[in-house]
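This report walks through a few packing features of one protein chain, with the sequence and the structure shown below for reference.

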Amino acid sequence: MNARERLVESTQELLWERGYVGTSPKAILERAGVGQGSMYHHFDGKSGLALAAIRRTADGMKETADACLSGPGTAYDRVAGYLLRERQVLRGCPVGRMTQDRDVVRSSALRQPLDEMFGWLQERIAGVLGEGVRRGELAAGLDPVATAATVAAVVQGGYVLARAADSPEPFDAAVQGVLALLAAQVTTPAP
């Protein structure tokens, strides 16, 4: 792995662990095992490096979510696959965690990949749910857009509650709750 990759990967990890404010250039350099010259050769400083790391994290999350949402089965099965996938719940969401950092949300450049990822996720889930409604798998009255927003909010809120309780149980309970609400919308598939 080259110096640029080590810098981005180290920044991804540190942002997830410490947030933007808590991630110093010195800590990034130490974790990456590179000198200061490498950072400034590849990036225009901490914010440029953080932007590359946030983008990479957001892209990775899109890829993981899309794999679940593109899987086999009904719309319910695919959304359930996304909700039930393995996560490091007590570490929180690596993208959602960035939204809690005031320096990130105040920067339109740093916030942009977060906005794009959450927008994409809700649109992707809404697409799956809409497909389920059209195929008769889900009740005709289900609002795919509002339900997708609910699913995204449950996941993010579940992370926060789990971290606050220092237990994955609140996350698991929130996911089971939204799955029960969604299951109530499942119909017998049209012949």
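Predicted model: local features only at pLDDT ≥ 70, side-chain atom pairs only at ≥ 80, totals over all residues.

Just after α2 comes Gly33, which takes a positive phi of about 70 degrees.

## Packing of α5 and α7

Helix α5 (residues 75-84) packs with helix α7 (residues 108-134) at an angle of about 155 degrees, and their axes lie 8 Å apart. Angles over 145 degrees count as roughly antiparallel, and α5 and α7 are therefore roughly antiparallel to each other.

On the α5 side the contact is made by Ala75, Arg78, Val79 and Tyr82, while α7 contributes Leu121, Arg124, Ile125, Val128, Leu129, Glu131 and Gly132. Sorted by class, the residues in this contact of α5 with α7 are seven nonpolar, one polar and three charged.

## Aromatic rings and charges over them

The count of aromatic pairs comes to one, formed by Tyr159 and Phe171, whose rings are tilted, with 5.1 Å centre to centre and 45 degrees between the planes. Tyr159 belongs to helix α8 (residues 144-165) and Phe171 to helix α9 (residues 169-183), 12 residues apart, so that the pair links distant parts of the chain. Both Tyr159 and Phe171 are buried.

Arginine side chains also lie over ring faces: Arg87 over the face of Tyr82, at 4.9 Å from the ring centre, and Arg91 over the face of Trp16, at 3.6 Å from the ring centre.

Note on methods:
Residues numbered from 1 in each chain as written. Heavy atoms only, no water. Helix = DSSP H or I, 4+ residues; strand = E, 2+ residues; numbered from the N terminus. Axes fitted to C-alpha atoms, helices over the stretch in contact; angles between N-to-C directions. Parallel < 35°, antiparallel > 145°, perpendicular 65-115°, else oblique. Contact = heavy atoms within 4.5 Å. Nonpolar A, V, L, I, M, F, W, Y, C, P; charged D, E, K, R; others polar. Phe/Tyr/Trp six-rings, centres within 6.5 Å; stacked < 30°, edge-to-face > 60°. Buried < 20%, exposed > 50% of the residue type's maximum accessible area, 1.4 Å probe, protein only. Lys NZ or Arg CZ within 6 Å of the ring centre and 35° of its normal.
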